Amino acid sequence: FWLKPAGNEVSAPASPPGPHACTSLGAMGMKYLGAYLMAVIGGNESPTADDVKAILEAGGIEFEQDMIDRVIQRMDGKQAHELIATGYGKFAACGGGGGGGG
């Protein structure tokens, strides 16, 4: 049920946002990088576009070939674990979350 603050009308939203309402180009690109990293975790240190495509297809995920090609191009000559370590160092500089009360 909905609570109504004194004097204010509160109603349910007309409909929930669609599946792509909050999707940004960066968020969309994550599926390509995620598939690439899945191949790396599976033992393939240098996945090809076909490897990434096969992972996405296996999951029933739509894809754009040019986005796959872009990931492969940007990862060319780089080791995934090194990029993760570099990124983790930057993320760690943001600090940790606060502890919960008790």
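The structure is a predicted model, in which local features need pLDDT of at least 70 and side-chain atom pairs count only at pLDDT 80 or more, whereas totals for chains, interfaces and linings use all residues. Residues are numbered from 1 along each chain as its sequence is written, and side-chain values use heavy atoms, with hydrogens and water left out.

The buried residues of helix 2, which spans residues 49-58, are Ala49, Val52 and Leu56. Viewed down the axis of helix 2, these buried residues fall within an arc of 70° and therefore line one face of the helix, the arc being that of the directions from the helix axis to the C-beta atoms. Just after helix 2, Gly60 adopts a positive phi of about 70°. In helix 3, the buried residues are Met67, Ile68, Val71 and Met75. An α-helix has 3.6 residues a turn, so residues three or four places apart point the same way. Just after helix 3, a positive phi of about 80° is found at Gly77.

The chain as a whole contains 4 helices and 0 strands, with helices (H or I, at least four residues) and strands (E, at least two) taken as DSSP runs numbered from the N terminus; the order of elements from that terminus is α-α-α-α. Of the 102 residues in the chain, 14% are buried. The accessible surface comes to about 8,000 Å², of which 59% belongs to carbon and sulfur atoms, as computed by the Shrake-Rupley method with a 1.4 Å probe, only the protein chains shown counting as cover for residues. Among contacts with a separation of 6 or more, 41% join residues 24 or more positions apart, a contact being defined by heavy atoms within 4.5 Å.

Two loop residues illustrate such contacts. Pro47, in the loop between helix 1 and helix 2, is buried, with a relative accessible area of 4%. Not counting residues up to four places away in sequence, Pro47 touches Tyr36, Ala39, Val40 and Ile72, and its C-alpha atom is separated by 9.2 Å from that of Met75, 28 residues apart along the chain. Glu62, in the loop between helix 2 and helix 3, counts as exposed at 68% relative accessibility. With residues up to four places away in sequence again not counted, Glu62 touches Lys31 and Tyr32; the C-alpha atoms of Glu62 and Lys31, 31 residues apart along the chain, are separated by 9.7 Å.

The largest pocket holds about 360 Å³ of space. On a 1 Å grid over the protein atoms alone, a pocket is an open set of points where a 1.4 Å probe fits, with protein on both sides within 12 Å along at least five of seven lines, and lining residues have an atom within 4 Å of a point. Of the 14 residues that line the largest pocket, Gly29, Met30, Leu33, Val71 and Arg74 are the closest to its centre. Helix 1 (25-41), helix 3 (65-75) and helix 4 (80-92) are the elements giving two or more residues to this lining, and helix 1 gives the most, with 6 residues.

Technical notes:
Points joined across faces, edges and corners; volume = space filled by probe spheres on them. Buried < 20%, exposed > 50% of the residue type's maximum accessible area, 1.4 Å probe, protein only.
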